[in-house]
Amino acid sequence: MDFRHLGRSGLQVSEISYGNWITHGSQIEEDAALACVQAALDHGITTFDTADVYAGTRAEAVLGRALQGQRREGLEIFTKVYWPTGPGPNDRGLSRKHIMESINGSLRRLQTDYVDLYQAHRYDYTTPLEETMEAFADVVRSGKALYIGVSEWRADEIREAYELARQLKIHLVSNQPQYSMLWRVIEAEVVPASEELGIGQIVFSPMAQGVLSGKYLPGQPPPAGSRATDEKSGASFIARFMTDEVLTTVQRLKPLADQAGLSMPQLAVAWVLQNPNVSSAIVGATRPEQVADNVKAAGVKLDADLLKAIDEIVSPITERDPAKTQSPARP
């Protein structure tokens, strides 16, 4: 496993990180989830990403149990706050109340005294940013988080938050956006702003919800048990990629993967890691073998001709509009 600094911070993270967005506590049973986490550890992954909202808080609890007995200093544990975790009006957002209560709940479920990175899971247009950043600063000063980050924030929002964090003398070091060959909306604005500020990207869905694995074939039903068949969560996220045009185009990447000596998933993960602003690529898994395959993308260098060939194939179906950043609609 290779490691990179998270932005310009001193924190190093594994190039491949393990995330449990729609797997732990929902799509797969706990025994399988524990096996996947163990596989991640066995293959050198030290960075683990989750969120309080995943599987209605169950994902954090599963990850906490899976990491018990590990040397805490050798792990980087990330979680997030924003989405509803209860029925009340204060069980969501980035108010001081919700942040303070959420960090305590996350630490309890994760069975740890602190998280390495605490992330604002979306931008909250209903709470003053000053209130949010002051609450995050207090979380850091209390020792419950070491660094703070954001997820799916726009460039102007990142700039404003970074300036407030600087004034509060805390470290805003990361953004967690969706990023893949098919979804490149961060490249025009978010990446340049992040490079200027020293913020690193921890990208999710480098395989475009699994579409870039090549397992979904045009004109055929999705494989049984795949994310596209999971009506509880996965199917709604992958739907935008499940067109014959996209699936046919993705199949044209297979000869390039073969040429590079990579599997299709490895090619997809290696591709996002060619961006120097990407600190880590999050992968999920329902089986340990998937983890073992994905980690082989660490340290891979794709040559310029291969990158150009990939671009020529996927450009007609690639989304680049920075307005598509997945923040909530402005009120």
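Glutamate 76 lies in strand β5, which spans residues 76-81. In this predicted model, glutamate 76 counts as buried, because its relative accessibility of 8% falls under the 20% cut-off. Its side chain makes polar contacts with the side chains of threonine 46 and threonine 47.

- A polar contact of 2.6 Å joins the side chain of glutamate 76 to that of threonine 46.
- The side chain of threonine 47 also makes a polar contact with the side chain of glutamate 76, at 2.6 Å.
- Phenylalanine 48 is 28 residues away from glutamate 76 along the chain, yet the C-alpha atoms of the two are separated by 6.2 Å.
- Neighbours within four places in sequence aside, glutamate 76 is in contact with Leu11, Gln12, Val13, Ser14, Thr46, Thr47, Phe48 and Asp116.

**Packing of α1 against α2**

- Helix α1 (residues 30-42) packs against helix α2 (residues 58-66) at an angle of about 55°, and their axes are 9 Å apart.
- The crossing of α1 past α2 is right-handed.
- On the α1 side, the contact is made by Glu30, Ala33, Leu34 and Val37, and on the α2 side by Val62, Leu63, Arg65 and Ala66.
- Six of the residues in this contact are nonpolar and two are charged, with no polar ones.

**Asparagine 275 and helix α10**

- Asparagine 275 sits in the loop between α10 (264-273) and β10 (278-283).
- With a relative accessibility of 13%, under the 20% cut-off, asparagine 275 counts as buried.
- The side chain of asparagine 275 makes a polar contact of 3.3 Å with the side chain of tyrosine 179.
- The backbone nitrogen of asparagine 277 is reached by the side chain of asparagine 275 at 2.9 Å.
- Not counting residues up to four places away in sequence, asparagine 275 touches Arg4, Tyr179 and Val191.
- In helix α10, 10 of the 10 residues are buried, so the helix is largely enclosed by the rest of the structure.
- The buried residues of α10 include Met264, Pro265, Trp271 and Leu273.

- Most residues other than glycine have a negative phi.
- Serine 205, a residue other than glycine, has a positive phi near 55°.
- Serine 205 is placed in the loop between β9 (200-203) and α7 (234-238).
- The relative accessible area of serine 205 is 10%, so this residue is buried.
- Glutamine 209 is not a glycine either, and has a positive phi of about 60°.
- The loop between β9 and α7 is also the place of glutamine 209.
- Glutamine 209 is buried because its relative accessible area, 4%, is under 20%.

Terms used. Residues are numbered from 1 along each chain as its sequence is written. This is a predicted model: local features need pLDDT of at least 70, side-chain atom pairs count only at pLDDT 80 or more; totals for chains, interfaces and linings use all residues. Side-chain values use heavy atoms; hydrogens and water are left out. Helices (H or I, at least four residues) and strands (E, at least two) are DSSP runs, numbered from the N terminus. Buried means under 20% relative accessible area, exposed over 50%, partly exposed in between (1.4 Å probe, protein chains only). A polar contact is a pair of N or O atoms within 3.5 Å; within protein, one must be able to donate a hydrogen and the other to accept it, and residues adjacent in sequence count only if both atoms are side-chain atoms. Contact means heavy atoms within 4.5 Å. Axes are lines fitted to C-alpha atoms, for helices over the stretch in contact, and angles run from 0 to 180 degrees between N-to-C directions. A crossing is left-handed if the near helix is turned anticlockwise from the far one by less than a right angle, and right-handed if clockwise. Ala, Val, Leu, Ile, Met, Phe, Trp, Tyr, Cys and Pro count as nonpolar, Asp, Glu, Lys and Arg as charged, and the others, Gly among them, as polar.
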